[in-house]
Amino acid sequence: MHELAVTQSILDISLRHAQKVGAKRIVGINLVVGKFSSIVDDSVQFYWDMIAEGTIAQGAQLHFERVPAEMKCLECGHAFEPTDESFACPKCLSPKVSISKGDEMRVESIDVE
Amino acid sequence: MTQRIPIVENILSANDNMAGVNREILDHAGVYAINIMASPGAGKTSLIIKTLEALHGRLKLGVIEGDLATSIDTDKAIAAGMPAVQINTGGDCHLDAVMVSQALPSLPLSDLDLVIVENVGNLVCPASFQLGTHLNVLIASIPEGDDKPYKYPGMYRGVQALIINKIDLLPYVPFNMDYFRLGVEILNPGLITFPLSAKTGEGMEAWADWLVAQGHPKDK
């Protein structure tokens, strides 16, 4: 997994934006992470506690908004969460579907003092 | 008092920016680059070496090899007659744009038409990190099984071409090609696919011809 690189990026982005507004402390980071982006919350928090030490983001709480995968059937329009074994539409069984949600991987906002 | 600052920035934006710089360097040198990703053992290195043979000198090829450790792959590439540079990630499970930017100056770009970047063997992480290459290519292989698109959707979504390697093993391994291709089609509709065997050479010509059509060989 690549959580260390991901955590470092989250810290860099947060510090950059906090500096812009002259914040003294970052208390919270709000992340939006889709199912397909394969990031493990606990690992990111683990690395965060190590690499944020000594910065104004030390002790900040990471909040993960998890976005489940969503697919839309191109035949009947039904939106559904795919299972691990099949991506076909559970309603009309069509295999013609497209992915509508689950790719997200962004820093949505930070809470600063 | 706590204040909320909206950001809405992609977590890997720094990597994406560096990938853009790499692309500029490649374009400026007139070099086309592809990023080859696959699980360990899918046949990345042997496919690259066989690709060199199948190109019959139509493109001048250089290689960047990514591995956790060792220079085994680079040694093989150099022995096959290609300029090659090794990146040892020291444990990182993927190449990123910064590693590639550090490797590019070690290749004679002005003499090359095509650079193949061989990513670390892994079906999860490399898909998230753009390198600045023009194309992402995934090598699937028959012994891995037909369920890999369903298990590693991120990887199958992030590529512009798919090689199905080791088709010579189809008679010996349970592999439902229809089930495999259905998963691929959902994740990446219309994805161009090259079933081939780097070992027997079957299908290699189609892949090599397609590569030649993608790149822009330098007029010498």
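The structure is a predicted model. Chain B and chain A meet over a buried area of about 2,700 Å², and strand S1 of chain B pairs with strand S6 of chain A. Over all chains, the count comes to twelve salt bridges.

**The interface between chain B and chain A**

- On the side of chain B, 27 residues are in contact with 32 residues of chain A.
- Carbon and sulfur atoms give 64% of the area of about 2,700 Å² buried between the two chains. Within chain B, the residues that lose the most area to chain A are B:Ile7, B:Ile11 and B:Ile186, which together account for 26% of what that side buries.
- Eleven residue pairs are in polar contact between chain B and chain A. Four elements of chain B each supply at least two residues of the side that touches chain A: strand S1 (3-10), helix H5 (148-151), helix H6 (153-157) and helix H7 (177-187). The largest share, eight residues, comes from S1(B). By residue class, the side of chain B that touches chain A divides into 18 nonpolar, six polar and three charged residues.
- Three salt bridges are found across this interface. A:Arg16 and B:Glu9 meet through their side chains in a salt bridge, at 2.6 Å from N to O.
- S1(B) and strand S6 of chain A (residues 105-112) run antiparallel and pair over six bridges. At one position of this pairing, A:Asp111 has B:Arg4 as its bridge partner in S1(B).

**The open sheet of chain A**

- Three strands of chain A form an open sheet with antiparallel pairing, in the order S4-S3-S5. Strand S4 (79-80) and strand S5 (97-101) stand at the edges with a single partner strand each, so one side of each is left without a neighbour in the sheet.
- Strand S3 of chain A (residues 70-73) pairs with S5(A) in the antiparallel sense over four bridges. Here A:Glu70 stands opposite A:Lys101 in S5(A).
- A:Glu70 and A:Lys101 also belong, with A:Lys72, to a network of salt bridges.

**Strand S3 of chain B**

- Strand S3 of chain B (residues 61-67) is mostly covered, and seven of its seven residues are buried. B:Leu61, B:Val63, B:Glu65 and B:Asp67 point one way from the strand, while B:Gly62, B:Ile64 and B:Gly66 point the other way.
- S3(B) runs parallel to strand S5 of chain B (residues 114-118), to which five bridges join it. The bridge partner of B:Gly62 in S5(B) is B:Val115.
- S3(B) is likewise joined to S4(B) by five bridges, in the parallel sense. The bridge partner of B:Glu65 in S4(B) is B:Gln86.

- B:Asn22 is found in helix H1 of chain B (residues 13-29) and is buried, with a relative accessible area of 0%. Its side chain reaches the backbone oxygen of B:Ala97 at 3.0 Å.
- Beyond its neighbours up to four places away in sequence, B:Asn22 touches B:Ala97, B:Val100, B:Ser101, B:Leu104, B:Leu131 and B:Gly132. B:Asn22 and B:Ser101 are 79 residues apart in sequence, with their C-alpha atoms 6.0 Å apart in space.
- B:Thr89 lies in the loop between strand S4 (84-88) and helix H4 (97-103) of chain B. This residue counts as buried at 12% relative accessibility. The side chain of B:Thr89 reaches the backbone oxygen of B:Asp92 at 2.7 Å.
- Leaving aside neighbours within four places in sequence, the contacts of B:Thr89 are B:Asp67, B:Leu68, B:His94, B:Leu95, B:Met99 and B:Val120.

**Salt bridges within the chains**

- In chain A, the side chains of A:Glu113 and A:Arg25 meet in a salt bridge at 3.4 Å, N to O. A:Glu113 lies in the segment after S6 and A:Arg25 in the loop between helix H1 (3-20) and strand S1 (26-34), so the pair ties together parts that are 88 residues apart in sequence.
- Both partners are partly exposed: A:Glu113 has a relative accessible area of 38%, and A:Arg25 has one of 39%.
- In chain B, B:Asp147 forms a salt bridge with B:Lys148 at 2.8 Å, N to O. B:Asp147 also forms a salt bridge with B:Lys151, with the closest N and O atoms 3.2 Å apart. B:Lys148 is buried, at a relative accessible area of 14%.

How values were computed:
Residues numbered from 1 in each chain as written. Chains lettered and ligands numbered in written order. Predicted model: local features only at pLDDT ≥ 70, side-chain atom pairs only at ≥ 80, totals over all residues. Heavy atoms only, no water. Contact = heavy atoms within 4.5 Å. Buried area = accessible area lost by both parts, 1.4 Å probe. Salt bridge = Lys/Arg side-chain N within 4 Å of Asp/Glu carboxyl O. Polar contact = N/O pair within 3.5 Å; in protein donor to acceptor, adjacent residues only side chain to side chain. Nonpolar A, V, L, I, M, F, W, Y, C, P; charged D, E, K, R; others polar. Pairing = 2+ DSSP bridges. Buried < 20%, exposed > 50% of the residue type's maximum accessible area, 1.4 Å probe, protein only.
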